[in-house]
Amino acid sequence: TLSSVSIDGHRCEVSQQTAIFSDGHKEITRTFRAVDLSGLFLRVECESQDGRIRVITERRGVQIGVAPGTFSVPQDFKRVQTLE
């Protein structure tokens with residue numbers, strides 16, 4: 001576990017893992033989980049040990065609410081009652 005950081009206004013807990021492969025090369029992966037979003041990964045950084053390859057995946061503008069009217073029931077929708 002590393003020090004927390006803020007990403008897009010969300011406090012994230014940061015952890016780091018190192019994988020060592022059978023051929024001896026290593027890959028480092030850091031994950032950034034948003035505390036207020038139930039641990040959702042907001043950022044993942046993967047890099048080779050020598051730093052030549054680095055991949056970053058990041059989510060921004062995450063919203064947990066849905067605006068009214070986003071979903072609407074079709075006019076021809078009919079509710080069917082099932083027997084249980």
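User: In this predicted model, is Glu47 buried or exposed, and what is its relative accessible area?
Analyst: Glu47 belongs to strand S4 of the predicted model. The cut-off for burial is a relative accessible area under 20%, and Glu47 counts as buried because its own value falls under that limit, at 18%.

User: Which residue does the side chain of Glu47 meet in a polar contact?
Analyst: Leaving out residues up to four places away in sequence, Glu47 touches Lys26, Glu27, Ile28, Arg30, Ile53 and Arg54. A polar contact of 2.4 Å joins the side chain of Glu47 to a side chain from that list, namely that of Arg30.

User: What is the N to O distance of the salt bridge between Arg54 and Glu47?
Analyst: Side chains of opposite charge can pair when their charged atoms come close. Arg54 counts as partly exposed, at 48% relative accessibility, whereas Glu47 is buried. The cut-off for a salt bridge is 4 Å, and the side chains of Arg54 and Glu47 meet that rule with an N to O distance of 3.9 Å.

User: In which strand does Arg43 lie, and is Arg43 buried or exposed?
Analyst: Arg43 is found within residues 40-48, the span of strand S4. Its relative accessibility is 19%, and since burial requires a value under 20%, Arg43 counts as buried.

User: Over the face of which residue does Arg43 lie, and at what distance from the ring centre?
Analyst: When neighbours within four places in sequence are set aside, Arg43 is in contact with Ile7, Arg30, Thr31, Phe32, Ile56, Thr57 and Glu58. The ring concerned is in that list, and the cut-off for a charge over a ring is 6 Å from the ring centre. Arg43 lies over the face of Phe32, at 5.9 Å.

User: Which residue meets the side chain of Arg43 in a salt bridge of 2.7 Å?
Analyst: The side chain of Arg43 has a polar contact of 2.4 Å with that of Glu58. The salt bridge of 2.7 Å, taken from N to O, is made with another side chain, and this partner is buried, with a relative accessible area of 6%. The residue is Glu45.

User: How many salt bridges does the count come to?
Analyst: One of them joins the side chains of Arg52 and Asp50 at 3.0 Å, N to O, and here Arg52 is exposed, with a relative accessible area of 72%. Another joins Glu45 and Arg43, where Arg43 is buried, at 19%. The count comes to nine.

User: What radius of gyration does the protein chain have?
Analyst: The C-alpha trace spans about 60 × 35 × 25 Å along its principal axes, and 20% of the 84 residues count as buried. Among contacts between residues at least 6 apart in sequence, 18% join residues at least 24 apart. A compact globule of 84 residues would have a radius of gyration near 12 Å, whereas the protein chain has 21 Å.

Terms used. Residues are numbered from 1 along each chain as its sequence is written. This is a predicted model: local features need pLDDT of at least 70, side-chain atom pairs count only at pLDDT 80 or more; totals for chains, interfaces and linings use all residues. Side-chain values use heavy atoms; hydrogens and water are left out. A charge sits over a ring if NZ of Lys or CZ of Arg is within 6 Å of the ring centre and within 35 degrees of the ring normal. Helices (H or I, at least four residues) and strands (E, at least two) are DSSP runs, numbered from the N terminus. Buried means under 20% relative accessible area, exposed over 50%, partly exposed in between (1.4 Å probe, protein chains only). A polar contact is a pair of N or O atoms within 3.5 Å; within protein, one must be able to donate a hydrogen and the other to accept it, and residues adjacent in sequence count only if both atoms are side-chain atoms. Contact means heavy atoms within 4.5 Å. The radius of gyration is taken over C-alpha atoms; the globule rule is 2.2 Å times the number of residues to the power 0.38.
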